[in-house]
Amino acid sequence: MKVIIKHINSDVPKENYNFFNDFIKYLQKLYPLKNDVIIKFIGEREGNMTTGQRNNKNELLVLSKNRMNRDILRTLAHEWVHEYQITILKRPKGQDIGGKNEDEANAEAGKVLKQYEKSIPNNEKKMYE
């Protein structure tokens, strides 16, 4: 499984890239994916997305412009959980599927973020940049 990260018109500073990469490794331990995935940190919304979306090209799109690191990583965790639900748990997919998938993705994203913050006490302030 390979993760490709792209920054497209994103205002994430380069010094935060390793911080984001560490979080992605943390997600992979908790929710291991089998397929390659492309994560795009983008500056502008695409289509009907709000702050993030998963598309059919194995891409996780995360709006990053003018957002705090914590919000960006929470959105990434949410979309990662959706990828796990669809590709590993074989849950139904579709636009605005809602229900159990959405509730679970919201809950897990919040939980993962809190766990990660506790695991990096010396770096926690970076979450709020």
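**Around Glu104**

Reply: Glu104 counts as partly exposed because its relative accessibility is 25%; here buried means under 20% relative accessible area, exposed over 50%, and partly exposed in between (1.4 Å probe, protein chains only). Before we go further, note that this is a predicted model, in which local features need pLDDT of at least 70 and side-chain atom pairs count only at pLDDT 80 or more, while totals for chains, interfaces and linings use all residues. Residues are numbered from 1 along each chain as its sequence is written, and side-chain values use heavy atoms, with hydrogens and water left out.

Let's start with the partners of Glu104. Its side chain meets that of Arg91 in a salt bridge, 2.9 Å from N to O (a side-chain nitrogen of Lys or Arg within 4 Å of a carboxyl oxygen of Asp or Glu). This pair links distant parts of the chain, 13 residues apart: Arg91 sits in the loop between α2 and α3, and Glu104 in helix α3. Helices are DSSP runs of H or I with at least four residues, strands are runs of E with at least two, and both are numbered from the N terminus. Arg91 has a relative accessible area of 18%, so it is classed as buried.

The other partner to look at is Gln85, whose side chain is joined to that of Glu104 by a polar contact of 2.8 Å. The term stands for a pair of N or O atoms within 3.5 Å; within protein, one must be able to donate a hydrogen and the other to accept it, and residues adjacent in sequence count only if both atoms are side-chain atoms. Gln85 belongs to helix α2, residues 69-87, and its relative accessibility of 1% is why it counts as buried. Beyond its neighbours within four places in sequence, Gln85 is in contact (heavy atoms within 4.5 Å) with Lys90, Arg91, Asn101, Glu104 and Ala105.

With Arg70 in helix α2 and Glu117 in helix α3 (residues 99-119), the pair ties together parts that are 47 residues apart in sequence. Arg70 and Glu117 are both buried. The structure holds 7 salt bridges in total. Another of them joins Glu129 to Lys126, with the closest N and O atoms 3.7 Å apart; Glu129 is partly exposed at 47%, while Lys126 is buried at 14%. Salt bridges with shared partners also bring Arg70, Lys114 and Glu117 into one network.

Among the 6 aromatic pairs found in the whole structure, the rings of Phe19 and Tyr116 have centres 6.2 Å apart and planes at 55°, so they are tilted. Rings of Phe, Tyr and Trp (its six-membered ring) pair if their centres lie within 6.5 Å; planes under 30 degrees apart count as stacked, over 60 as edge-to-face and the rest as tilted. Phe19 is in helix α1 and Tyr116 in helix α3, so parts 97 residues apart in sequence are tied together. Both of these residues, Phe19 and Tyr116, are buried. Tyr26 and Tyr116 make another tilted pair, with ring centres 5.2 Å apart and planes at 55°. Here Tyr26 in helix α1 and Tyr116 in helix α3 connect parts that are 90 residues apart in sequence. Ring pairs gather Phe19, Phe20, Phe23, Tyr26, Phe41 and Tyr116 into a cluster.

Finally, the sheet: 4 strands form an open sheet with mixed pairing, in the order β1-β2-β4-β3; two strands pair if DSSP finds at least two bridges between them. β1 and β3 (52-54) stand at the edges with a single partner strand each, so one side of each lacks a neighbour in the sheet. β3 and β4 run antiparallel and are joined by 3 bridges, and Gly52 has Val62 in β4 as its bridge partner. Helix α1 packs on the sheet, touching β1 and β2 (37-42), and its direction makes about 145° with that of β1. The helix that carries Gln85, α2, also packs on the sheet, touching β1, β2, β3 and β4, with its direction at about 160° to that of β4. For these angles, axes are lines fitted to C-alpha atoms, for helices over the stretch in contact, and values run from 0 to 180 degrees between N-to-C directions.
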